[in-house]
Amino acid sequence: MTDKTFPLNNGQTIPALGLGTWQSDPGQVKTAVSYALQAGYKLVDGAYCYANEDEVGEGLAEAFAAGVKREDVFVVGKVWATYNTRVELGLDKSLKSLGLDYVDLFLVHWPLLMNPDGNDDRFPKLPNGERDIIWDYNHVDTWKQMEALLGTGKTKAIGVSNYSKKYLEELLPHATVIPAVNQIENHPSLPQQEIVDLCKENGIHIMAYSPLGSTGGPLFTAEPVIKIAEKHGVKPSTVLLSYHIPRGSTVLAKSVTPTRIEENKKLIDLDEEDIKLLNDYSDNLVKEGKVVRYVYPPFGVKFGFPDKP
Ligand SMILES: NC(=O)c1ccc[n+]([C@@H]2O[C@H](COP(=O)([O-])OP(=O)(O)OC[C@H]3O[C@@H](n4cnc5c(N)ncnc54)[C@H](OP(=O)(O)O)[C@@H]3O)[C@@H](O)[C@H]2O)c1
């Protein structure tokens, strides 16, 4: 599956499968990135907030030294919420850490502003321990700065992440450049179909994060996932990653374990019966109000997701 791509709305293509790097610890992530790229992965998803971009950069350098070509790798970065009024500075810091002169895609990580002058570069807090948020902020202003980045050559495409339908509907009327991507949590327990459909209507590609349910893969035990895995003689992880390809989405799988990085490349074609089983499972969770969101930092901001009022 490492060679499959999807088109983006700016004429670029994006690989269908990528390596995630969130919570990939120093001491592990260099090897993971280098191993994955030499094993054929073509996309690496990173972010300033993950505080490991230096080591991701070392992994990229190692892979390039081993013969992987920069132009064959799709590198994704994200501007962190303390830099949402200083987007180019955020990108410059990431490029320096990564050892690159451009990324292929740069995303707004979350549509909020945390205090750029607060007591921490990434997670500033107030004396009472709450996150130090600047409430007088409009995410459209960040998008205008993102649009200006395209003229610098420091990123080939721009997009958003963690945008609900509500936030997209606020953004789109003001966008000169339509986001190429919306990177969201997506799996059978959180289908977010209203966002996926709106993105499709507007030519915005979905990148699915936490496809296994994030740390430890809690979705491995979901009943339809086990059933489909047994039917095809594959692991539940393979079913969960394969789910995104017929949805037309790129899927990000994080692992620092070489055997799993290898295993996660081998996606299968789910048949109609499998897709129906997974969609019925999702529909029931939505109907019963039981969808599960694994990644929701305690910002205290209402992002407009139906399951997080
Ligand atoms: N835009 C955003 O706000 C956002 C938020 C979350 C994530 N993301 C991106 O999406 C990526 C993926 O999401 P995620 O990291 O939350 O979680 P994930 O990919 O759903 O799951 C990662 C977990 O599954 C384990 N794992 C991976 N492959 C496995 C396999 N074949 N068998 C058994 N266990 C396996 C990993 O363990 P080991 O690593 O120990 O092998 C790790 O504990 C992130 O790394 C990040 O790049 C973006």
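Is His 109 buried or exposed? The views below start from this residue in a predicted model.

View 1. His 109 is buried, because 22 other C-beta atoms lie within 10 Å, and a residue counts as buried at 20 or more. You will find His 109 in the loop between strand E6 (103–108) and helix H4 (139–149). Leaving aside residues up to four places away in sequence, His 109 touches Ala 47, Cys 49, Lys 78, Val 79, Trp 80, Ala 81 and Ser 161. In UniProt, an unreviewed entry lists His 109 under "binding site".

**View 2. The shell around the ligand.** Here the ligand is surrounded by 29 residues, and the closest are Gly 20, Trp 22, Tyr 209, Leu 212 and Lys 254. If you sort the shell by residue type, you get eight nonpolar, 17 polar and four charged residues. Strand E10 (250–254) and helix H9 (258–263) each contribute at least two residues to the shell. E10 gives the most, with three residues.

**View 3. Helix H3 and its buried face.** The twelve residues of H3 (residues 87–98) should span 16 Å at 1.5 Å a residue, and the end C-alpha atoms are 17 Å apart, which agrees. Val 87, Gly 90, Leu 91, Ser 94, Leu 95 and Leu 98 are buried in H3. Looking down the axis of H3, these buried residues fall within an arc of 135°, so they line one face of the helix. A handy reminder for this view: an α-helix has 3.6 residues a turn, so residues three or four places apart point the same way. On the other side of H3, Leu 89 and Lys 96 are exposed. The cover over the buried residues of H3 includes helix H2 (53–65), strand E5 (74–79), E6, H4 and strand E7 (155–161). After H3 comes Gly 99, with a positive phi near 70°.

View 4. H10 (residues 272–287) has 16 residues and reaches 22 Å from its first C-alpha to its last, close to the 22 Å expected at 1.5 Å a residue. Its buried residues are Asp 274, Leu 277, Leu 278 and Ser 282. These cover an arc of only 130° around the axis, which puts them on the same side of H10. Helix H7 (223–232) is included in what covers them. On the face turned away from the buried side, the exposed residues are Glu 272, Glu 273, Lys 276, Asp 280, Asp 283, Asn 284 and Lys 287. H10 is followed by Gly 289, whose phi is positive, near 65°.

Note on methods. Residues numbered from 1 in each chain as written. Predicted model: local features only at pLDDT ≥ 70, side-chain atom pairs only at ≥ 80, totals over all residues. Near = placed C-beta within 6 Å. Helix = DSSP H or I, 4+ residues; strand = E, 2+ residues; numbered from the N terminus. Nonpolar A, V, L, I, M, F, W, Y, C, P; charged D, E, K, R; others polar. UniProt positions renumbered as here; feature names shortened; annotations may be inferred. Buried ≥ 20, exposed ≤ 12 C-beta atoms within 10 Å, placed from the backbone. Contact = placed C-beta atoms within 7 Å. Expected span 1.5 Å × (residues − 1). Arc of directions from axis to C-beta.
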